[in-house]
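Please read the following with the sequence and the model open side by side.

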Amino acid sequence: MKLVTRCALTLAYAWSAVALGSTTADASLGNVSKVNGSVRVEAGQQAGSVSTVNGSVTIGADARTGEVETVNGSVRIEERAIVDDVETVNGGISVAAGVEVRGDLETVNGSITLREGVRVAGSLENVNGDMLLEGAEVQEGIETVNGDIRLAAGTRVLGGIHVEENRNISWFGSKKNGRNPRITVESGAVVQGPLHFEREVDLYVAPGVTLPEVQGVPPKRYTLN
């Protein structure tokens with residue numbers, strides 16, 4: 001998983017920042033980098049890369065930024081914003097309707113939620129945390145270890161779904177509540193590309209949904225009522 005291998009580099013980069021406290025970015029600030037405190041880019045404004053170590057990041061509606069990064073904190077991207085790669089280590093990522101993500105969207109320990117009309121040019125990745133896609137499009141696939149994935153009506157996932165083997169690294173965690181990850185594909189959702197499972201999963205599929213080939217461990221398959 002690409003994000004895990006970059007964690008140490010992210011920490012080293014972020015700790016090189018010198019700003020403290022909360023920050024509100026505007027078009028004149030360029031790159032915004034902090035150590036402690038939250039960062040917000042206001043609605044309609046522009047900034048370069050936006051990062052902090054201990055704090056949340058919020059990108060306002062219709063804003064445009066470069067990469068968005070934090071280590072210990074959540075990321076919220078509001079309606080119709082345009083951003084590059086989005087990364088956090090410990091925190092969830094929430095993306096509102098109509099947002100364009102021009103790269104990957106990744107967390108280690110946190111949920112990922114994409115609302116209607118979101119377009120992600122890269123991939124979605126996490127280790128621990130649920131993923132919910134409500135009418136969103138992901139062009140380079142989804143990857144997780146322990147998370148549940150729910151694809152609601154109108155969602156399109158190109159590049160398939162990959163559930164990695166849990167390799168017993170302590171901070172990866174184990175089965176969620178002692179059970180397998182649950183993959184749910186609702187009516188009107190589309191998956192293109194292989195379903196690659198390196199561990200057991202429970203696959204719930206709505207009637208009439210056609211899925212691509214399954215590679216690796218055969219899933220326990222159920223019909224979604």
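Arg 80 is placed in the loop between β8 (75-77) and β9; helices (H or I, at least four residues) and strands (E, at least two) are DSSP runs, numbered from the N terminus. The model is a predicted one, in which local features need pLDDT of at least 70 and side-chain atom pairs count only at pLDDT 80 or more, while totals for chains, interfaces and linings use all residues. Residues are numbered from 1 along each chain as its sequence is written, and side-chain values use heavy atoms, with hydrogens and water left out.

Arg 80 is not a glycine, yet has a positive phi of about 65 degrees. Most residues other than glycine have a negative phi. With a relative accessible area of 47%, Arg 80 is partly exposed; buried means under 20% relative accessible area, exposed over 50%, and partly exposed in between (1.4 Å probe, protein chains only). Asp 62, also not a glycine, has a positive phi of about 65 degrees. Asp 62 is found in the loop between β6 (57-59) and β7 (68-69), and its relative accessible area of 39% makes it partly exposed.

Thr 107 is another loop residue, between β13 (105-106) and β14 (112-114). Is Thr 107 buried or exposed? Its relative accessible area is 0%, so Thr 107 is buried. The side chain of Thr 107 reaches the backbone oxygen of Gly 91 at 2.9 Å. A polar contact is a pair of N or O atoms within 3.5 Å; within protein, one must be able to donate a hydrogen and the other to accept it, and residues adjacent in sequence count only if both atoms are side-chain atoms.

Now the chain as a whole. It has 1 helix and 28 strands. Of its 225 residues, 52% count as buried. Among contacts (heavy atoms within 4.5 Å) between residues at least 6 apart in sequence, 22% join residues at least 24 apart.

Some of the strands form an open sheet of 6, in the order β9-β12-β15-β18-β21-β24, with parallel pairing. Two strands pair if DSSP finds at least two bridges between them. At the edges are β9 (82-83) and β24 (190-192), each of which pairs on one side only. Within the sheet, β15 (residues 119-120) and β18 (residues 137-138) pair in the parallel sense over 2 bridges. Val 120 has Val 138 in β18 as its bridge partner.

Val 138 is also one of the residues that Leu 133 touches. Others, not counting residues up to four places away in sequence, include Leu 114, Leu 124, Ile 142, Arg 150 and Leu 151. Which residues touch the most other members of the largest nonpolar core? They are Leu 114, Leu 124, Leu 133 and Leu 151, in a core of 48 residues. A nonpolar core is a set of buried Ala, Val, Leu, Ile, Met, Phe, Trp, Tyr and Cys residues joined through side-chain atoms within 4.5 Å. The largest share of this core, 3 residues, comes from β26. Another core, of 6 residues, lies apart from it, and among its members are Val 53, Val 71, Val 127 and Val 145.

Glu 143 belongs to strand β19 (residues 142-144) and is buried, at 16% relative accessibility. Its C-alpha atom is separated by 8.7 Å from that of Gly 160, 17 residues apart along the chain. Asp 148 lies in the loop between β19 and β20 (149-151); at 11% relative accessibility, Asp 148 counts as buried. The C-alpha atoms of Asp 148 and Arg 182 are separated by 4.7 Å, although these residues are 34 apart along the chain.

How many aromatic pairs does a search of the whole structure find? The search finds 1. Tyr 204 and Tyr 222 have ring centres 4.7 Å apart and planes at 15 degrees, so the pair is stacked. Rings of Phe, Tyr and Trp (its six-membered ring) pair if their centres lie within 6.5 Å; planes under 30 degrees apart count as stacked, over 60 as edge-to-face and the rest as tilted. The pair links distant parts of the chain, with Tyr 204 in strand β26 (residues 202-205) and Tyr 222 in strand β28 (residues 220-223), 18 residues apart. Tyr 204 is buried, with a relative accessible area of 18%, whereas Tyr 222 is partly exposed at 34%.
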